[in-house]
Amino acid sequence: MDNLRDELLAVFDAEYRDHLRSIRAIVAAGCPDAQALAEIFRRVHSLKGAARAVELPVVEGVAHALENRLSSLLSARALPDEADLAAITDTLDEIDLLMTATPPDAPAAPDEAATQAENPAYVQVPVARLDALAAAVHDLMAVADRHERLWAQVMDLLGDARAVMHAPERMRADPVAEFARMTRRLMGVGRERELMAGQIDRALLRLGEEVHAVTLVPAESVFGSLAAMARRIAREHGGPEAGVEVHMTGMDVQTERRVMQALRDPVIHLVRNAIVHGHETRAERLAAGKSEDLNITIAVTMTGVRLQVAVSDDGRGPDLRAIAARAAGQGLVHAEAPLDARQLLARVFEPGFSTRGKADSLAGRGVGLSVVAEAARALHGSVRMEQRHPAGTTVILTVPVSQRQRTVLLVENAGQSLGLPGRVIRHLLRVRRDEIRLVGGVPFAVVSHPPVGAGTASEPREEERVPLAPLRAFVGDENAPLPVRDGAVSVVVMEVDGVRCGFAVERMLDVRTLLVSDATAVGLDSELVPGIAWPREDQPVFVLSPDRLFARWRERGNGGGAHFSDVDSAAPVVPVRHAPLVMVVDDSITTRTLQKTILQSHGYDVCLAVDGEEALAMLQQSSRHVDVVVTDVEMPRMDGLALLAAMQGDAHLAHIPVVLMTSRNDGEDIRRGMEGGARAYLTKQRFDQGELIDTIRGLL
């Protein structure tokens, strides 16, 4: 019976969230009319009945009280006033708190304990999604049936071959015709096998996508109750008059349930931190030109294969001097070190770090933000804090949308393929040998980038020294030198906890989104290499842990064992010379990323555009000269041929060489491109990065 009740509680958990989400949407849309009020009543009545079915009398009683109030309005044919709307909102908050909040350090009563049972075994799946999954299964079964028939043809062909072997007179009767007949059959089976392989791949890919889709949940199902929790925390911290307005955006963004659920506690910590550390009295807020109540925004966005949750407030904002003093007291920074906002704000995620003078039930023990950082790392993600302007704080959690799916940069290391997580990569460089300098025995490169908060591209660029270390010194040979090829070093600049290091690699290969599995079973250094992936080439990719890589780099004194004897340590650091700028135009983010990686690894600067219209605007407005444009042909809004024509018609752009790269490779397309003014035409079917680089070099 207990198992049945647990199952019912899991179903109720999904149902009550759906009811609350729908009611909140009706209230947020404005004063409900009679039809909307009837819908709210229906949902409250259903929620009350469901609570009774799972034996949650407290929730049932709260819903019943609201049901009575709504029934009176409907009977009187009256619309709800402000007091009625407030009662609806308060009831929703109370139900949320009953279902999600456990009294700290206190045993729960039987009924209270039941309300905490958030069994994650159930998610709500739209019928359309189930239909799509069933269709994918049907398609795979159909392909499997055709494969079985193909196998029967193969067996028939083998039978004929055996018959010829045992009856050679058949071959002697007309050997040429017999050989031709069997050859045709063999070729036909071979062609069908190739076609079948592609069909199986597509069917399996579609099935995998549909299976993954049914595990997705919207952000609202996890974060929807936090507004009520924030109001309760504000009252606990600032008293009955303390107010907080919680704004939520992106609540319809969907990702894997286990990923979204794992972010709930970190986001609760961030909301609590925003209230406690951002608190100001109403007088202080009004004097600063702010609204009376603290404003907190929880924003969920999806960028490619990464999920981002940002918690922002308009409170006091981080006190950099207090953070610096605390960090110096804990030995995290040197007491005389200049205030670097990015590095200082990274320190707040260290265990035991807090700037509050005393601890209470809500903050001051230095636990909250370190818990957030640990949760981000456990999800193979990252977290950072930023100052808001004119006031306030933003903390951003970024994690892969799948706990197993990660975007990595593939690099070559002593014949192995290594994966460097994309979340920590800041720059890809090709540094010339004569631009590397020794400082204290450690090789450094100079990275040029726009200043923080720069408004235009014409503002002076900042230059940052980044220490270099050979990646091979940590995966293989501890005494490995910096790998110099063709007079330069390929460098991947990564950042962990506000600290940057450039790891020199032998070669950059590709950017991939891979399914990564636990690597502890394959006998590797599981601390440094916690994951392994198997791309279709059947060559394993060993995915490194950036946190452990940086830890080992620090253990070796930030030199990483690098030696580079030909560098003049007394020479000054020279400004970075601008490399040729290549614009890549393609509506596929995967293609853009791949081409950008290839070009940057060969020393080119790269800018990106998603279609011809954006590319043309960038070309006309950019303060920096574009040396070459590499563009796809088939794109939305403005395609590559239209972009080429527009550039040819602009006297300021007509001289820029254009390379067309597309899957359209028939003679007519090539003729149109070349007659339109393209300087080269490359096809994606036989894409070769060497050909792309040679083409660009020839044009420059």
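Predicted model: local features only at pLDDT ≥ 70, side-chain atom pairs only at ≥ 80, totals over all residues.
**The chain as a whole**

The chain has 700 residues, of which 44% are buried. Its secondary structure comes to 22 helices and 24 strands. Among the contacts in the chain with a separation of 6 or more, 67% are between residues 24 or more positions apart.

| Helix pair | Angle | Axes apart |
|---|---|---|
| α2 (residues 34–53) and α3 | about 155° | 9 Å |
| α3 (residues 57–75) and α4 (residues 82–100) | about 165° | 10 Å |
| α19 (residues 612–621) and α20 (residues 640–648) | about 25° | 9 Å |

Helices α2 and α3 pack at an angle of about 155°, and they are therefore roughly antiparallel to each other. In this pair, α2 passes α3 in a left-handed crossing. The residues of α2 that meet α3 include Leu37, Phe41, Val44 and Lys48, while those on the α3 side include Val59, Ala63, Leu66 and Leu70. By class, the contact of α2 with α3 divides into 14 nonpolar, three polar and four charged residues.

Helix α3 also packs against α4, at an angle of about 165°. That angle makes α3 roughly antiparallel to α4. The crossing of α3 past α4 is left-handed. On the α3 side, the contact is made by Val58, Val59, Val62, Leu66, Arg69, Leu70 and Leu73. On the α4 side, the contact residues include Ala87, Ile88, Thr91, Ile95 and Leu98. The contact of α3 with α4 holds 12 nonpolar, one polar and three charged residues.

Helices α19 and α20 pack at an angle of about 25°, and they are therefore roughly parallel to each other. Here α19 passes α20 in a right-handed crossing. Gly612, Ala615, Leu616 and Leu619 of α19 meet Leu643, Ala646 and Met647 of α20. This contact of α19 with α20 comprises six nonpolar residues, one polar residue and no charged residues.

Strands of a sheet pair through backbone hydrogen bonds, either parallel or antiparallel. In this model, an open sheet of five strands has the order β2-β4-β5-β7-β6, and its pairing is mixed. The edge strands are β2 (244–249) and β6 (382–387), each of which pairs on one side only. From one strand to the next, the twist averages 15°.

Strand β2 and strand β4 (residues 294–303) pair in the parallel sense over six bridges. Histidine 247 stands opposite threonine 297 in β4. Helix α12 (residues 264–277) packs on the sheet and touches β4, β5 (306–313) and β7 (393–400). The direction of α12 makes about 150° with that of β4.

**A buried alanine**

Alanine 533 lies in strand β18 (residues 531–533). Is alanine 533 buried or exposed? Its relative accessibility is 1%, so alanine 533 counts as buried, the cut-off being under 20%. Leaving aside residues up to four places away in sequence, alanine 533 touches Leu514, Leu515, Val516, Gln539, Pro540 and Val541. Threonine 513 is 20 residues from alanine 533 along the chain, and the C-alpha atoms of these two residues are separated by 9.9 Å.

Conventions: Residues numbered from 1 in each chain as written. Heavy atoms only, no water. Axes fitted to C-alpha atoms, helices over the stretch in contact; angles between N-to-C directions. Helix = DSSP H or I, 4+ residues; strand = E, 2+ residues; numbered from the N terminus. Parallel < 35°, antiparallel > 145°, perpendicular 65-115°, else oblique. Left-handed = near helix turned anticlockwise from the far one by under 90°. Contact = heavy atoms within 4.5 Å. Nonpolar A, V, L, I, M, F, W, Y, C, P; charged D, E, K, R; others polar. Pairing = 2+ DSSP bridges. Buried < 20%, exposed > 50% of the residue type's maximum accessible area, 1.4 Å probe, protein only.
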